[in-house]
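This briefing covers charged side chains and their pairing. Look at the sequence and the model first, then read the points below.

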Amino acid sequence: MTGRLEGRVAAITGGASGFGAETARLFVAEGAKVVLGDIQDDRLAAVVADIGDAARGVHCDVTSEDDIAGLVDTAVDEFGQLDVMFNNAGIIGAVGLVEATPFDEWRATLAILLDGVFLGMKHATRVMKPRERGSIVSMTSTAGVMGGLGPHAYTAAKHGVVGLTKSVAAEVGSWGIRVNCIGPHSMATPMVAQGHFGDPDAIDAVVEELKETSPLKGRPGLASDVANAALWLASDESGYTSGHCLMTDAGFTIGSRPEPPRYSGNEPMIREAGRRGL
C-alpha cells in the first residue's frame, strides 16, 4: 500500500460488515486510524479485533444523535482528530406497494438511511470546521438517481442523500471540507445477500448470481469497489472534488445492461415517416 491516508482518522458507521468493514480495513492499510460504529456488537467486535490497534469500536445507532456525536467524539478523544466521516450504515427497509407500506416502517427506514447521514454530516462538520479540512463521504445508490430500482422509502432516502450531499458541500467548502457520495448497484454485500437469499452470509451465492446479471460481463460488484471509491474520496487525490455522486454501478445508470443491444452491425438510418437511408 502507498500510505494515501497516513496520519488520518476516519469514523465509519455500519462498520461491522459489508462496505463499512471492507473500507475500514483498506483505510488502515493506507495508514489511517478508524473508529467503527454499529449496532451489531458481536460482528463489530470481531472486525475491530481483526484490524487491531488502529481500530476502535463503538455501539452506534445512527438514528440516535447522542450515538453519532459519541462516535465522532471517540475519534477525537482516542486519536486526536477527525479527517474522514463515512456515513455508510444502511438497511433495505420498508418493502411493498406504496398503498401497503406501513407509515411507521417508512419513517424508520428514512431515520436510518437519511437522518443518520444528516447526523453524521452535522457532527463531523462540528469538529472539522475548526481545523478547516475534512472529507465527508455518504452512501447513496443507483436508486438515489433513478426511479423504480428499490422500495419507495429506500429510493426516497437515497435521493435525499444526493441532495443533502450537494447542499452541505455548498455550505462547508468555505471551511475546506469536501462532501461527496457513492452510488453502487447490485453489490455482493450482506444486505444484498439477505434480500436475495434470506441469509446475510450468502456472499458467494450473490457473487455467482451477479456474474450473470452485471452490466460488465462476468464482473460482479464487490465491497472492495465501494471501499476503493471511498478511499479516493477520502484522500487528497480527490482534493478538488466536492458535491459529487460517484457511481460504482458498472454503467447501469447510463444504460449498460447484461444483454447485448437489440441491433447489430450497421442499419440504414431511420428518418421521417419511417423512411430509411440517406
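A salt bridge here is a side-chain nitrogen of Lys or Arg within 4 Å of a carboxyl oxygen of Asp or Glu. The model is predicted. By that criterion, 14 salt bridges are present in the structure, and Asp83, Arg131 and Arg133 are joined in a network of them.

- Glutamate 237 and arginine 4 form a salt bridge, with 2.9 Å between the closest N and O atoms.
- This pair spans 233 residues: glutamate 237 sits in the loop between helix H8 (223-234) and strand S9 (245-248), while arginine 4 belongs to the segment before strand S1 (9-13).
- Glutamate 237 has 47% relative accessibility and therefore counts as partly exposed.
- Arginine 4 is also classed as partly exposed, because its relative accessibility is 27%.
- A salt bridge also connects lysine 122 to glutamate 65, where the closest N and O atoms are 2.7 Å apart.
- Here the two residues are 57 residues apart and come from two helices: lysine 122 from helix H4 (residues 103-128) and glutamate 65 from helix H3 (residues 65-79).
- Lysine 122 has a relative accessible area of 40%, so it is partly exposed.
- Glutamate 65, at 32% relative accessibility, is likewise partly exposed.

**The pair of arginine 275 and glutamate 272**

- Arginine 275 and glutamate 272 meet through their side chains in a salt bridge, at 3.0 Å from N to O.
- Arginine 275 is partly exposed, given its relative accessible area of 46%.
- Glutamate 272 falls in the partly exposed class as well, with 43% relative accessibility.

**A charged residue without a salt bridge**

- Glutamate 30 is placed in the loop between helix H1 (18-29) and strand S2 (33-38).
- Is glutamate 30 buried or exposed? Glutamate 30 is buried, yet has no salt bridge.
- The nearest side chain of opposite charge to glutamate 30 is that of arginine 4, 4.2 Å away.
- A polar atom of the glutamate 30 side chain does lie 3.0 Å from the backbone nitrogen of glycine 3.

Note on methods
Residues are numbered from 1 along each chain as its sequence is written. This is a predicted model: local features need pLDDT of at least 70, side-chain atom pairs count only at pLDDT 80 or more; totals for chains, interfaces and linings use all residues. Side-chain values use heavy atoms; hydrogens and water are left out. Helices (H or I, at least four residues) and strands (E, at least two) are DSSP runs, numbered from the N terminus. Buried means under 20% relative accessible area, exposed over 50%, partly exposed in between (1.4 Å probe, protein chains only). Lys and Arg count as positive and Asp and Glu as negative; His and the chain ends are not counted. A polar contact is a pair of N or O atoms within 3.5 Å; within protein, one must be able to donate a hydrogen and the other to accept it, and residues adjacent in sequence count only if both atoms are side-chain atoms.
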